[in-house]
Structure formats: structure tokens, C-alpha cells
Amino acid sequence: MISESIRYVGVNDKTIDLFESQYAVQNGMSYNSYLILDQKVALMDTVDVRGQQEWEANVTAALNGRTIDYIIVQHMEPDHSGSLKTVLEKYPDAIVVGNAKTFAYIGQFFDVDLTGRTLEVKEGDTLRLGSHTLTFLMAPMIHWPEVMVTYESTEKILFSADAFGKFGSLDCKEDWACEARRYYFNIVGKFGASVQTLLRKAAALEIENILPLHGPLLTDNLAYYIDLYDKWSSYTPENRGVFIAYASIHGNTGKAAERLADKIRALGEEKVTVSDLCREDMAECVEDAFRYDRMVLCSATYDGNAFVPMEDFLHHLQIKSYQNRTVGLMENGTWAPMAAKSMRGYLESMKNIRILDETVTIRSALKPSDEASLDALARALVEAQ
């Protein structure tokens, strides 16, 4: 229960292994859904079909014999709309509230007749349920075109759709920022400008609670969450530190990357994180790339380019709008080192990336003669502002 009038009816999914078939979720996911009980009853989104049976039971219990008057559809992605057709059939008098794109997408996902059952809303439109009034704010490309969020003015609640969401079920105890950051940059990260627009709208509202469609309900210290979202969506580094990502075929490039990390730490850098792109979770690596203000890319040469895991990593950064960072390069090659050229090509397509001049080239394996170039790159990274 959120309040006497607003009930949580969502579910935890502890059996899912890959969210969106690509993100590892060891602690599952929550699919959040809410009921507002007033003179009129509004259901705020549904859930993925994976949790439909439990969700239906939660809704029925919370209704306690009442019916649903309005179904508010903030986001049509199947993890939130998967149970929409079922609830439409169960409550045939319920009116679906959405925007023009919402209804276009409903028709693409479901074969349903909504004749006489729709209420199309636009920016700033309101819906009075009794003592509770909903105001609809369009939030396109956070992270689909039809997304909108809803502000309830009596209890000062922002139903934030996928904004402020995170990986993990509600009953797992873990740091919010870590999994919210991984969720944000991998799912929403490309659309920072859209998030900034929403934050400006939210700044004009008196908000006491933020209720997202994934992750915990945010009921205190809202400034902390909003500040992080402002940093993330403006592509501002969250922490000063160096992230070293390496792609090593036989281990030699990895050893050189670890050696560089030791040198950077020896110069006084407190935050240095090293990741093996061949083995570690790609979404975690993307998260760390955005978290820190500096990054080093270390790759073996493969087929005249960077090694495939490095190419994949850089492709991820490219499509997620990686920007505003300082980057150093290290390459390895036995007869024709080409990884640095390949990596530089990706970086030059990104916005406001400073590529350090002190590129390190390893020939097959790290040798004493390479120490000077490693020292130069380490100093350049530490001194970078």
C-alpha cells in the first residue's frame, strides 16, 4: 500500500535471466503497476505476461469488488502492456487513456476493438478521478515515442514510466545507483536530451514520491535520484576516475592493461577500474564507461581491426551517444598493429571526445622497452582535466 487511495499491484519476476533478451538480471525484475481508488478507479499500466496471473490476483484483491474505470497506458513496451488485452476483456467498460501514438501501438500489438473506449490526451491534459487529479506530460523517447508520465497533484506523486527505473526485483537488497545506472545507460542512455526535457517539466512540480515502472518506489531523498538523472542525461561524468577496457586474445594485451592500471594508481588516482571485454558483462562495461570521466581502450589487432569484443563495445558506446570524455589508446599487434586506428575511427564519430596523443603500441607481448610509453600514457591520464 502506498496510501489509502493508491495501491501497488505490481509483481516481481525472479525467473527471468535476460531482460529485453540481452541484459543479465541476476536479481530478477519488477514490473510495477498501480491502482488509484477514488470515485473513479484508475489502473496505472499493466505488466509483462510473465507475471500476469499474479498481477491479476493483486488487482482483484486491491479492487475489493470494485471495477476499473480507466486504464492509463504510459508505455506500450510489452513488459508493461503485455497484460493489456486481458484486462480490457475482464473490464469491458474501462476506458483506455493514452496519446495518439499509444493507440497506434495498441493496434500493432493486439487485435482489440477500442471503439468508444478511448480517451486521447495531450500535453497538460487532466483527468479528475474525484479527490485525485491526473495531469499527463508527454515524455517521447524515454525511451519509446509514445511514452508519457503522469502527475497526481493531491498526493504529489509522479508516475514516471521507465524513468528512474532499475534492474532487480523489489525484494532484493542492493545499491540503487549501481543497477539504476546500468539500466539507464543501456536502455535510456541514447536519449539524454529527452530526459533533460522531462526533468525541466518535473522541476515545475511539487513531487513527494516517484513511482517508476521498474524498481523501488522512491519516497525520500528525491534530490539524490534527480541529481543522478541530471548528470546521466547531460552526459556529465558521475565520478572522476579511469575505466580501462581491454580485449585480449592470448592474454598479453590484458597483462599490459593491468600494468597500466598499476602505474595510474601509483600516481595517486583513486578510482581505476579494469574490465575484460571478452568475459565481463557488456552492460556493466557500458555503465562504467559512462560513469567515469576518463577511459583507456586496450585491444589486440584482429583481421586488420580491433579485436571483435572491442569493436562490439565501441559500437555499444556509439549507439548510446557516448560523449564528453577523455580517452587513451593501447594497441597490440605482432606484424601490423591496426587496433588503434580502428578504435580511433569509432571515437572520432562521437561528440566531444578528447583522444590523448600518448598511444601505446605493444608488439606481441609487454617488454621492458614498453615501460616508458606506459608511463607517458599514465601521466597523461592522471593530468587530464
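**Aromatic pairs, a mixed sheet and a helix crossing**

Phe167 is buried, with a relative accessible area of 0%. Here, buried means under 20% relative accessible area, exposed means over 50%, and partly exposed lies in between (1.4 Å probe, protein chains only). The model is predicted: local features need pLDDT of at least 70, side-chain atom pairs count only at pLDDT 80 or more, and totals for chains, interfaces and linings use all residues. Residues are numbered from 1 along each chain as its sequence is written, and side-chain values use heavy atoms, with hydrogens and water left out.

Tyr183 is also buried, at 1% relative accessible area. The ring centres of Phe167 and Tyr183 lie 5.3 Å apart and the planes stand at 75 degrees, so this pair is edge-to-face. Rings of Phe, Tyr and Trp (its six-membered ring) pair if their centres lie within 6.5 Å; planes under 30 degrees apart are stacked, those over 60 are edge-to-face, and the rest are tilted. Phe167 sits in the loop between strand S14 (157–159) and helix H5 (176–188), while Tyr183 sits in H5, so the pair ties together parts that are 16 residues apart in sequence. Helices (H or I, at least four residues) and strands (E, at least two) are DSSP runs, numbered from the N terminus.

The structure holds 22 aromatic pairs. Tyr8 and Tyr34 form an edge-to-face pair, with 5.7 Å from centre to centre and 70 degrees between the planes. Tyr8 belongs to strand S1 and Tyr34 to strand S6, so this pair links parts 26 residues apart in sequence. Tyr8 is partly exposed at 23% relative accessibility. Tyr34 is buried at 1%. One aromatic cluster includes Phe164, Trp176, Tyr184, Tyr229, Trp232 and Tyr322.

Strands S1 and S6 also belong to an open sheet of six strands, ordered S1-S6-S7-S8-S9-S10, with mixed pairing. Two strands pair if DSSP finds at least two bridges between them. Strand S1 (6–8) and strand S10 (118–120) are the edges, and each pairs on one side only. Neighbouring strands are turned by 20 degrees against each other on average, direction ignored. Strands S8 (residues 70–72) and S9 (residues 95–98) run parallel and are joined by three bridges. Tyr70 has Ile95 in S9 as its bridge partner.

Helices lie against these strands. Helix H1 (residues 52–63) lies across S1, strand S6 (34–37) and strand S7 (41–44), at about 15 degrees to S6. Helix H4 (residues 100–109) packs on the sheet and touches S9 and S10; its direction makes about 120 degrees with that of S9. Axes are lines fitted to C-alpha atoms, for helices over the stretch in contact, and angles run from 0 to 180 degrees between N-to-C directions. Contact means heavy atoms within 4.5 Å.

Helices H6 (residues 192–203) and H7 (residues 222–233) form a further packing. Their axes come within 8 Å and cross at roughly 145 degrees. Gly192, Ala193, Val195, Gln196 and Leu199 in H6 meet Ile226, Tyr229, Asp230 and Ser233 in H7.

Ser233 is found in helix H7 and is buried at 2% relative accessibility. Leaving aside neighbours within four places in sequence, Ser233 is in contact with Tyr184, Gly192, Ala193, Val195, Gln196 and Leu199.
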